[in-house]
Amino acid sequence: MSADPRQTGGPAGPAGRGPRGPGWIPTWPATVGLLITLAGAIGFAVSFVRDASTQWLGGFLAAALLGIGLALAYWGRDLAGDEVISGPYPVPHEDAESRAALGDALDQSVQVITRRHFLTKMLVFAGGVFALSQVVLLGALGPRPKNSLRTTSWRAGSRIVTFDGAPVTRDTLAAGTFLVAFPEGHTDSADSQITLLRIGGDPQFKTLAGRESWSPEGYVAYSRVCTHAGCPVAQYEDQAKVLVCPCHQSTFDLMNGAQPVAGPAGRPLPQLPLAIDAQGNLTAQSDFTLPIGPGFWNEG
Amino acid sequence: MSEHRLKKSLGRAFGAAPSPARRAARWLDRNLGGSSILREELRHIFPDSWAFFLGEIALYCFIVLVVTGIFLALFFHASQAIVVYHGSYHPLAGVPMSDAYSSVLDLSWNVRAGLLIRQVHHWAALVFVAALIIHLMRMFFTGAYRRPRRINWLIGLSLLLLVGFNGLMGYSLPDDLLSGTGLRIAFSITESIPFIGPTMASVLFGGEFPTTGIIARIYPVHIFLLPAAIAGLLGAHLGLLWLQRHTEFPGPGRDDRTMVGSPMVPQYALRTTGYFLLLAGVLTAFGALLQINPVWLYGPFRATDATTSAQPDWYMGWLEGAVRMFPGWDIQIGGFLLPAIFWPAVVLPGLIFTPLFLWPWLDWLAMRDNRFVNVLQFPSQRPGRMAVGAGFFTFLTVLLVGGGDDVFAKAFGWSLPVLLRTLQVLVIVLPPLVAALTYAIARRRSVRWLVS
Amino acid sequence: MVSLWLVQRGRGCRRVSAAATAARLGLCAASVLILAAALSPAVASASSSPAPSASASPSAVATPIATLTAAPIAVQAPVAPAGPGADIFAANCSGCHGAVGQGGVVAPSLPYRPPPLAPAGFASLVAPMVRQGGIQMPSFARQLTDAQIQQVAQYVSQQIAAPVARSANASDGGQIFRLYCAGCHSTTGRGGAMARGRNAPDISQYPAAEALAAMILGRGDMPVFAGHALDVRQQTSVALYVDVLVHAPSPGGAGLGYLGPVPEGAVGAGALLILIFIAVWLAWKSRKAVP
C-alpha cells in the first residue's frame, strides 16, 4: 500500500544521454568505477598466479571491490533519480478489546492442558527436573580441580634446573642477575616455574619469620606465576630489587618476601624453600607452602 | 533499428511480449506465490540518514567475516599437538609449537592469499565491534529502543555480547604468546568467582591451566556455535526491523504514522549493495596494506614466556583497563578468599550490561512515556539521557585508555606509574564532569544538524 | 702451550695442515704473553670457576665470568695468515677489545664465530655495529670504508671467534628471547614501559651486536645475562634473533609500530571513520528530501 511515487529535482531522464538539461547528472563516475574493477580483477588474478606479495594481491582486490562499489553506490545515489516516497507505519493493535480477544484465544487453546490440574503440575515438575538433569553433561567437559591448584611439581629434594635442564649449583649465580628455573624433569611445568636470585646476602634483605633456612648462601626463589592473573612475572629490576609482571604491572618487593608494593596484585609471590645438597646442587626443601598463582575461593 | 528489435520493444511496451523482468516475476509467482506481497515489498521504504548505515556496517562486516572465515577454516588445524616447525619462516625453524600455531604460520607464509584473508578477517572483526558500539550509541541517544522496539534492543545487545565473545575466541585460536596470555587471564578471572569459580574454570578449560584441549574446544564455538547464534539473532533483528519498519528522524511529512524515504528498489538496493562492496574494499585495502596480529613475531604460546605491551583486542580493552586499575583488595573471609580481580573482571561487566539491558524500562521509569513511537529524538532533545550516556561512555573510554597504559607510556615517553595514577583519578572524576557539561550544553543547543 | 690447551679444552682436536700448525705454534707464543698479561689481574680477583669439560650440558662450554667487569674468556688465537682485516682490527679495535678480542674493562669480548649453517653469519652482526656504533661504541663509518668494514667483520667472525658458538642460531635465540627478554623488551623488541617510570628501550634501533654487549655487561636497570644465566652460544643465538627483529619482516604491510593491539585498534577506528564518511556521502543528497 504505497503512495504514488513523485519525483523531485530536475528532469532526471536517462542520465548522461540526450541534451544536457538543468538536472543532467554525469555517468562517468560509475564508468570509471567499473573500469577500475576490471583492472583490479585482472590484476588480482595475475598477482595470484605470479605469487605476488600480499600488498599487490590485496591492493588489486580492494580496487576491484571499491570500483564496483563506487559504481553501484553512485548509481543508487545520483543516477537512479531522487525518488522519495511516503507510506504508513504499521499501526499496532493496542486497544484493550483486541488484547482481550488475544488473551481469550490463547486461553481457549491451552484449555485442554490446563483443565487437568494434576497432570499439568506433573508435566511442569517432570519437565523441569529433566531439564535440570541435563546440566550434569557439563561435567564431561573437564575434571574437578581437586588439589591441582594447590600443588606443583616441586617435592622435597627436587633438584633445580634451568630451562635447558642444566642443574643449578652453588656457583651458578652472581648478584645482579637471575634465572628462570624448574624442578628437574619438569622444565615445561607452568605452575612450577620460579625466579631464582642471589640476593639473600644483601643487608637489605628481610628474612621473614619461619623462613630462616629457606635461602642458603643467599639464593632466594619465588614462584614466577603472578598472584594477580597468572602471567609469568618476567620483569626484573635490579636497582630496585623488584619483580614486575608485564601483564598488569604488579610489582613485588624481593627484599621483603615478594610483597606486592604496586599494581593490582593482592598477595605476595610464594617463596620456595631452598637447600643445597652434598654435591653442591640447589634443591627444594618441599613444595610451596602456599598455593601459587591467582587467588581462588577455597584457597585456605 | 532492425525490424525485429522494433517489434520486440513495441511488444514489450504494449505488454504483448514479456520483458525479462516480467518473465522472472511470472516464474516466481507460479512457483512461490504471493506476488502482491512481493510487489508491495519492492517499494519498502527506507528513511534516509547516514546514521542508519551504522547497522549496515556491522551487518556487512559479519558477511565479510563469514566469507573470509570459511577460507581460513579450510587451513587451520585446531590441535595443540606438538609439531616442530620447518616452514618458510626461518626464525622459528626447529621450534616446537602447537599444530594450531604452525597452521597459522603456514597460512601466513605459505598459502597464497592466506595472509591477506587472515588480515582482512581480523580487521573486519575490529571494525565489526566498533560499528556495533557506535550503532548502539545511535540507538541510545536517539531513543530508538522505545516501544515497539524494546525486544529488538535486547536482541541487539545480545548480539554485541556474542560478537565480542566470538572475537575473543577468534584471536585466541592461533595459540600465540599474546592470545595465550589472554587465556591465562581468562582462566584466572573465572577461578576468582566465589564458590563455583575453581570448578567452573577447570571444567570449561578441561583442567588446570594450561590445558592441551582448549584450542580444540574454542574452535567449534568460534566457527559454528556463536556464528549460528549470531545469524539467528540477526535474522530476528532484521525481521523485526522489516516488519516494524525503520525509525526516522523528525522532518517534513514525517510522523509516527507516516514514513518518508527511498524505495527499496532501485535506489536503496543499489546504495546498500554499493556500500557493502565499498566496505569490503576498504577492509581489503586495510588487510593488504596494514599488518595486523603478526603472530610469527609473538612466538608460540608457552606458559613460561611473557611479553610486555600485552593487550587483548581493543574491544576488551575496557576490561583490561579495569583489571589494571583496580587495587589489590583481596578479601579474606575465614578460610576463604575473594580475590581482588573478581570485582573489575566479573562484577563490573555485570554492572555495565545490566542497566544497558534494562534501559528501555529505566527510560520508561524516568519519562513515564508508553507510546508506540516511530520517530526518533535528536540527542539534545533529551538532555538527561544525553548526559547519562556521555558519562557512561566516558567511563568506558577512560577504562579503554587504561587498558593500553603501558603502550601509551612507552609511545609518548610518559611515566607509567604517573599515568596509572592519573587514570585512576580520571575514571572517577571525569564521567560525572562530562555528564554535567553535556547536560548544560544539551539544554542550550540543539545538535539536530549533526544527525539530520 | 697454554693457548693450545685452552683451544682444545672441551672441543676436541681439529685437523690442520702442517703449515697452519707451524703458524699456530708461532702465534701461540705471542698470544701466551698477551693472555698472561690480560688474565693475571682477572685470575687474582676471580672466584672459583668450574671446569667446563666436565659439564654435562651440551650447551655449557663454560666461559667463566666471575665478575661483571673483567671477563676472562677463552679465545682462540687467529688460525690463518692475517689479512687486511687483521690490520684494520689491530689499528681500530684492539685498543678496547684487546689484541685478540678477549675483551677488556669497557668492551665485551668477541669470542664468536659464525655458525656455518646460518645464512648471514656473525659478520652480519659485526658490520652494522662497526658502521653505526652502539651505545658505548663509537661509529667507524668515517674512518673506514665499507669494504674495510666488511674485511674487519670477516676477520672477527672467522679468525677471532670461538667455535663454541658454532651451533648458535636465531631460532634457539628466539626461544630464549621470549623466555628472558620479551618481558621487558616485548616480543617484537620495541621495548615497553617499566613499572617505575623508566622504559626498556626499543632494541631494534641499535645494531644487534649491541644486545651482546648489554647481555654481557648489563645496562642501567637491565640485569646481566652471562655466565650460567646464558652461555656464549645462547648469547650469540639471542643476538642473531635480535638481528631478525631489527630487520623484522612485515609481509602484511605497514608495521604500525609493532606495539600490538593498541595501535591496531586505533587504526581500526580509522577504518570505521572512513566508512562513516562514505555513509555521509551516500546519504547526502536525500537527507533533506521532502515527499
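**Group meeting talk: three chains and how they touch**

Okay, let's start with chain C: going along the sequence, its pattern is α-α-α-α-α-α-α-β-β-α-α-α. That comes to 10 helices and 2 strands. Helices here are DSSP runs of H or I with at least four residues, strands are runs of E with at least two, and both are numbered from the N terminus.

Before I go on, a bit of housekeeping. This is a predicted model, where local features need pLDDT of at least 70 and side-chain atom pairs count only at pLDDT 80 or more, while totals for chains, interfaces and linings use all residues. Residues are numbered from 1 along each chain as its sequence is written, and chains are lettered from A and ligands numbered from 1 in the order in which they are written.

Still on chain C: it has 291 residues, and 51% of them are buried. Buried means that 20 or more other C-beta atoms lie within 10 Å of the residue's own; with 12 or fewer it's exposed, in between it's partly exposed, and the C-beta atoms are placed from the backbone. Now take the contacts in chain C with a separation of 6 or more: 69% of those link residues 24 or more positions apart. A contact means two C-beta atoms, placed from the backbone, within 7 Å.

Next, chain B. Here 69 residues of chain A are in contact with 80 residues of chain B. H2(A) turns up again, with the largest share of the chain A side, 17 residues. By class, that side has 41 nonpolar, 21 polar and 7 charged residues. For the classes, Ala, Val, Leu, Ile, Met, Phe, Trp, Tyr, Cys and Pro are nonpolar, Asp, Glu, Lys and Arg are charged, and the others, Gly among them, are polar.

There's strand pairing across these chains too: S2(A) and strand S4 (residues 258-263) of chain B run antiparallel, joined by 4 bridges. Pairing takes at least two bridges found by DSSP. In this pair, Ser86(A) stands opposite Val260(B).

Now, which residues have the most contacts inside the largest nonpolar core? They're Leu196(A), Cys61(B), Val127(B) and Phe128(B), in a core of 242 residues. Helix H6 of chain B (residues 114-142) gives the most to this core, 18 residues. A core, by the way, is a set of buried Ala, Val, Leu, Ile, Met, Phe, Trp, Tyr and Cys residues joined through C-beta atoms within 7 Å. Zooming in, Cys61(B) touches Ala124(B), Val127(B), Phe128(B) and Ala131(B), if you skip residues up to four places away in sequence. There's also a second, separate core of 9 residues, including Ile85(A), Phe46(B), Val260(B) and Tyr268(B).

Last stop, Thr187(A), in the loop between S4 and strand S5 (194-197) of chain A. Why is Thr187(A) classed as partly exposed? Because it has 18 other C-beta atoms within 10 Å. Beyond its neighbours within four places in sequence, Thr187(A) is in contact with Val161(A), Phe163(A), Gly165(A) and Phe182(A). And from Thr187(A) to Asp164(A), 23 residues apart in sequence, it's 7.5 Å, C-alpha to C-alpha.
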